[in-house]
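Me: Hi there, I have a chain to go through and some quick questions about it. Let's take a look together.

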Amino acid sequence: MSANLDDIEVVQGAEALTLYQFHTGEAKHYFCSRCGIYTFHKRRSSPNQYGVNVACIEGMSPFDFPEVPVSEGRLHPKDSNQRGPVIAGWIRYQPNSEADKCGLPDIVGSAPR
């Protein structure tokens, strides 16, 4: 998920965030120092935006999106002639209607943050 720099506010746990930078050092990746989850990063390709892990946003879940594009990841747009990320494929989520019949709890959107 993308967000403008001014549109993100860390409301809880800022003291636990750890900054990680690599390669050019331009991108700034933030992880939780306690559990290691990736939370968000300031983008090298779009320095005015953050890439955000939706599982870290209260009230949101990765399961809220039926289809998510996956970037190729090896070729950064700034390191090639590409104008944007290369989409390698898509991850799709389709709820299992049979799960409702088993009496299993509904966990969509309740993942730990």
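Reply: One definition to start: buried means under 20% relative accessible area, exposed means over 50%, and partly exposed is in between (1.4 Å probe, protein chains only). This is a predicted model, where local features need pLDDT of at least 70 and side-chain atom pairs count only at pLDDT 80 or more, while totals for chains, interfaces and linings use all residues. Residues are numbered from 1 along each chain as its sequence is written, and side-chain values use heavy atoms, with hydrogens and water left out.

Me: Thanks! Is Val 68 buried, exposed or partly exposed, and why?

Reply: Val 68 counts as partly exposed because its relative accessibility is 33%. Val 68 sits in strand S6, residues 67-71. Strands here are DSSP runs of E with at least two residues, and helices are runs of H or I with at least four, numbered from the N terminus.

Me: OK, zooming out. How many helices and strands does the chain have?

Reply: The chain has one helix and seven strands, and along the sequence they follow the pattern β-β-β-β-β-β-β-α.

Me: And what share of the chain is buried?

Reply: Of its 113 residues, 17% count as buried. The accessible surface of the chain is about 8,700 Å², with 52% of that belonging to carbon and sulfur atoms.

Me: What is the strand order in the open sheet?

Reply: Five strands make up that sheet, in the order S1-S5-S4-S3-S2 with antiparallel pairing. At the edges are strand S1 (2-4) and strand S2 (17-20), each pairing on one side only. On average, neighbouring strands of this sheet are turned by 25° against each other, direction ignored. For such angles, axes are lines fitted to C-alpha atoms (for helices over the stretch in contact), and the range is 0 to 180 degrees between N-to-C directions.

Me: How many bridges are there between S4 and S5?

Reply: Strand S4 (residues 38-42) and strand S5 (residues 49-52) pair over three bridges in the antiparallel sense; a pair needs at least two DSSP bridges. S4 and S5 form a hairpin with six residues between them. Phe 40 has Val 52 as its bridge partner in S5, and Lys 42 has Tyr 50. S1 and S5 also run antiparallel, joined by three bridges, and Asn 4 is partnered there with Gln 49 of S5.

Me: Switching to His 29: buried or exposed?

Reply: His 29 is buried, because its relative accessible area is 15%. His 29 lies in strand S3, residues 28-32.

Me: And which residues is His 29 in contact with?

Reply: Leaving aside neighbours within four places in sequence, His 29 is in contact with Thr 18, Leu 19, Tyr 20, Phe 22, Phe 40 and His 41. Contact means heavy atoms within 4.5 Å.

Me: Last topic: how many salt bridges does the structure hold?

Reply: The structure holds two, where a salt bridge is a side-chain nitrogen of Lys or Arg within 4 Å of a carboxyl oxygen of Asp or Glu. Arg 34 pairs with Glu 15, their closest N and O atoms being 3.6 Å apart. Arg 34 lies in the loop between S3 and S4 and Glu 15 in the loop between S1 and S2, so this pair ties together parts that are 19 residues apart in sequence. Arg 34 is exposed at 63% relative accessible area, and Glu 15 is exposed at 61%.

Me: What about Glu 67: which residue does it form a salt bridge with?

Reply: Arg 92, with the closest N and O atoms 2.7 Å apart. That pair links distant parts of the chain, 25 residues apart: Glu 67 in strand S6 and Arg 92 in strand S7, residues 87-92. Glu 67 is partly exposed, with a relative accessible area of 40%, while Arg 92 is exposed at 59%.

Conventions:
Accessible areas come from the Shrake-Rupley method with a 1.4 Å probe; for residues, only the protein chains shown count as cover.
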